Amino acid sequence: MDALLSGEQLIYVITVPLSTSIILTNLIIILGIAWNRQLHNTPNYFFLSMLVADLCTGVALPFIPLMGLNRQLSFSSCLVAHVFPNFLFLAFLFNLVMVHYERYICIVDPLHYNNLWMHRRFPLTLLVVWVPPLLYACLPAFGWNNWTGPDWNSCCCSCIFPNAFIYLEVYGLVLPAILTIAGMTGHVLCITRGQLKDICRLHRSVERGSQASDREQRLNLRYTRCVVAVSLTFLACWVPYLIYMHVSVAFLISDTKWSSTTLIVLSCTGIGSMAVVPLVLGLANRQWSRKSKGSEDAAYISYQTRSQHLGDIKRNWISS
């Protein structure tokens with residue numbers, strides 16, 4: 001019992017501050033999109049769906065590592081404690097893939113971007129990224145579980161999720177989704193590099209010079225920074241979760257209990273780091289920053305105009 005309490009306290013100490021940061025940042029970005037009418041378009045609606053999923057993941061973040069602990073819960077309570085966080089996590093992952101795919105098509109095939117089926121059938125796209133995770137997460141509720149009987153009150157991950165269910169989710173859903181995102185990101189970087197070489201080649205042909213100009217050096221430096229930023233984001237956000245995922249599978253195969261402090265820390269940091277990915281995408285979007293800055297400037301100008309107008313009215317009233 002003491003070990004269980006210490007494990008729960010460690011989980012709360014790590015996940016609660018991270019969960020609070022994720023929730024507040026998502027709320028700020030969501031409110032920014034909702035208030036700015038210039039951002040009301042289909043691509044931002046996709047991103048809004050992902051932010052909502054990430055917000056829900058932030059809420060469920062403290063409860064996901066708890067699934068690895070043995071707790072005294074009834075079957076219905078244990079089922080909800082495992083199925084609901086798993087559904088939110090899978091929905092977040094599906095939304096993340098959808099947003100990356102939408103941006104990938106925008107770069108790879110810009111001529112057919114506006115005719116993309118995701119834009120023409122937006123409600124169907126939302127169903128695709130929310131309903132399948134719900135159906136898959138609810139499979140243990142339909143009978144695919146290891147719960148032995150009504151007298152068994154020990155709730156753990158292996159009681160709800162059979163090994164086949166976990167293997168299918170990890171290697172059939174989660175890992176292919178991560179590899180798909182990494183593949184699309186790498187392809188976009190390769191396309192960007194090829195376009196950058198074409199621009200430099202055309203610039204040299206116009207300037208009729210063999211050496212790289214300052215503009216070419218700035219372009220190459222910007223591309224290098226982009227590659228470094230993408231690489232660091234992948235290392236910081238995805239690698240901890242990949243390590244946690246494979247370590248968890250190794251613990252599952254060896255039938256080792258999740259009372260290890262190392263595994264608790266890996267689960268908290270791995271899931272938390274992956275939940276930061278949408279925040280990085282949102283804060284790095286220059287379109288939003290420019291429009292939000294423009295909105296702030298417009299609000300400031302409007303405030304100055306109103307203040308000046310009120311000042312003129314007050315002076316005229318005093319003079320009269």
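User: Quick term check before we start: a helix is a DSSP run of H or I with at least four residues, and a strand is a run of E with at least two. How much helix and strand is there over residues 122-144?

Analyst: This is a predicted model. Over residues 122-144 the chain is 70% helix and 0% strand.

User: Zooming out, how many helices and strands does the chain have?

Analyst: Twelve helices and two strands. Reading from the N terminus, the order goes α-α-β-α-α-α-β-α-α-α-α-α-α-α.

User: And what share of the residues is buried?

Analyst: The chain has 320 residues, and 38% of them count as buried.

User: New topic: the nonpolar surface patch. Which residues make it?

Analyst: Tyr-101, Trp-117, Leu-124, Leu-127, Val-128, Val-131 and Leu-135 make it, and the patch covers about 590 Å².

User: Which helix gives the most to it?

Analyst: Helix H5, which spans residues 122-137, gives the most, with five residues. Leu-124 is found in H5.

User: Why does Leu-124 count as partly exposed?

Analyst: Because its relative accessible area is 41%, and partly exposed is the range between under 20% (buried) and over 50% (exposed).

User: Got it. Now H8, how far does it reach?

Analyst: H8 covers residues 214-237, so 24 residues, and reaches 34 Å from its first C-alpha to its last. That is close to the 34 Å expected at 1.5 Å a residue.

User: Which residues in H8 are buried?

Analyst: Glu-216, Tyr-223 and Cys-237 are buried in H8.

User: Speaking of cysteines, how many disulfides are there?

Analyst: Zero disulfides in this structure.

User: Remind me, what is a disulfide?

Analyst: It's a covalent bond between the sulfur atoms of two cysteines.

User: How far is Cys-159 from Phe-75?

Analyst: Their C-alpha atoms are separated by 9.3 Å, although the two residues are 84 residues apart along the chain. Phe-75 lies in helix H3, residues 75-108, and counts as partly exposed at 31% relative accessibility.

User: What about Leu-24 and Leu-55, how far apart are they?

Analyst: Leu-24 and Leu-55 are 31 residues apart along the chain, and 8.5 Å separates their C-alpha atoms. You'll find Leu-24 in helix H1, residues 2-35, and its relative accessibility is 49%, so Leu-24 counts as partly exposed.

User: Last one: where is Ala-164?

Analyst: Ala-164 is in helix H7, residues 163-207. With 44% relative accessibility, Ala-164 counts as partly exposed. Trp-144 is 20 residues away from Ala-164 along the chain, and the C-alpha atoms of the pair are 9.6 Å apart.

Notes. Residues numbered from 1 in each chain as written. Predicted model: local features only at pLDDT ≥ 70, side-chain atom pairs only at ≥ 80, totals over all residues. Heavy atoms only, no water. Patch = residues over 30% accessible without salt bridge, like charges linked within 9 Å, V, L, I, M, F, W, Y side chains within 5 Å. Areas by Shrake-Rupley, 256 points an atom, 1.4 Å probe, with all protein chains shown as cover. Salt bridge = Lys/Arg side-chain N within 4 Å of Asp/Glu carboxyl O. Buried < 20%, exposed > 50% of the residue type's maximum accessible area, 1.4 Å probe, protein only. Expected span 1.5 Å × (residues − 1). Disulfide = S-S within 2.5 Å.
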